[in-house]
Amino acid sequence: MTNVIKPKSNIIDKLNTAPKTWSFQLSCLIVFVVLMIWSSTTLKYKGAPNGMSIVQSIISGIFAPDAQLLFNLTTSGVPYLLLQTICIAFLGTIVGAIIAIPFAFISATNLVPRPIAIIGRVIIMAIRTVPAFIYALMFIRVTGPGPFAGLMTMAVCSIGMVSKMYIEAIEDLDIRILESLDACGCTMFQKIRVGILPQLMPDFISTIIYRFDMNLRDATVLGLVGAGGIGAPLIFAMNAYKWSEVGAILAGLIVLILIIEIISSKIRTKLARG
């Protein structure tokens, strides 16, 4: 007995009875085009007589970096400035990651009462709300311009994101392991060392590495406001139209980011595979 495939007439009927919205969509498109044309009448283009020459200077400078600046081993050379940027990002990440641990534990709903966890989450949210530039300007007023202001800025900015990732890792803890250790008569220190830390450390380290990668890029930008790092020489070179120096700084940054990305990817892969 052969199976007879019946035509799916109900689907065709639904397609035929579906509302036709092409007229509404066409009307919206016409209104959008009219608004765009009307808005473009307010634009006034005065031209850029030297635009092409500036573009050529930028391209030639970036692709022909200043080798003397790139390989200068003094405090004004690219290697030293990149090392300073790495130190700001690294120490800021470590300080922020350490401070984030108590915030995370008092904000985890599976460890503390819910009202306390809500208070901790509100504090973390308030820390995350303020942009990094505001923190940088505040610390510059307190400590003066320099790498220490950048370090403190990176530390405070790291608390918000790192705490949030810590909380997710803590709330995913396997409580059965703690219950079994409690049944064996383990002390609180032993439960933390044997039951909690082995579960949290891979996630914590992965979060720290990811945040360090972000801080390395942010530390470059914070130099623009005097918080140390390679950002200040970069903006000075751009303002002075010294595009070969800009090319040298960007070349050093690209190499640095690539190296850090390769190393961090290998570490995260090793952590994920155990």
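This is a predicted model: local features need pLDDT of at least 70, side-chain atom pairs count only at pLDDT 80 or more; totals for chains, interfaces and linings use all residues.
Local features were considered at pLDDT of at least 70 and side-chain atom pairs only at pLDDT 80 or more, whereas totals for chains, interfaces and linings use all residues. Residues are numbered from 1 along each chain as its sequence is written, and side-chain values use heavy atoms, with hydrogens and water left out.

A search of the whole structure identified 2 aromatic pairs. Rings of Phe, Tyr and Trp (its six-membered ring) were paired if their centres lie within 6.5 Å; planes under 30 degrees apart count as stacked, over 60 as edge-to-face and the rest as tilted. The ring centres of phenylalanine 90 and phenylalanine 212 lie 6.1 Å apart with their planes at 85°, and the pair is therefore edge-to-face. This pair links distant parts of the chain, 122 residues apart: phenylalanine 90 belongs to helix H5 (residues 78–105) and phenylalanine 212 to helix H10 (residues 188–222). Helices (H or I, at least four residues) are DSSP runs numbered from the N terminus. Phenylalanine 90 is partly exposed, at a relative accessible area of 44%, whereas phenylalanine 212 is buried, at 13%. Buried denotes under 20% relative accessible area, exposed over 50%, and partly exposed in between (1.4 Å probe, protein chains only).

Tyrosine 166 and phenylalanine 204 form a stacked pair, with 3.8 Å from centre to centre and 25° between the planes. Here too distant parts of the chain are linked, since tyrosine 166 lies in helix H8 (residues 147–171) and phenylalanine 204 in helix H10, 38 residues apart. Tyrosine 166 is buried at 1% relative accessibility, and phenylalanine 204 is buried at 8%.

The search of the whole structure also returned 4 salt bridges, each defined as a side-chain nitrogen of Lys or Arg within 4 Å of a carboxyl oxygen of Asp or Glu. One of them joins glutamate 171 and arginine 121 at 2.5 Å, N to O. Glutamate 171 is in helix H8 and arginine 121 in helix H6 (residues 114–129), so the bridge ties together parts 50 residues apart in sequence. Glutamate 171 is partly exposed at 30% relative accessibility, as is arginine 121 at 34%.

Another salt bridge connects arginine 217 and aspartate 213, likewise at 2.5 Å, N to O. Both residues lie in helix H10, 4 residues apart, about one turn of the helix. Arginine 217 is partly exposed at 37% relative accessibility, while aspartate 213 is buried at 7%. In the bridge between aspartate 218 and arginine 211, the closest N and O atoms are 3.9 Å apart. Aspartate 218 is partly exposed, at 27%, and arginine 211 is buried, at 6%.

Conventions: Helices (H or I, at least four residues) and strands (E, at least two) are DSSP runs, numbered from the N terminus.
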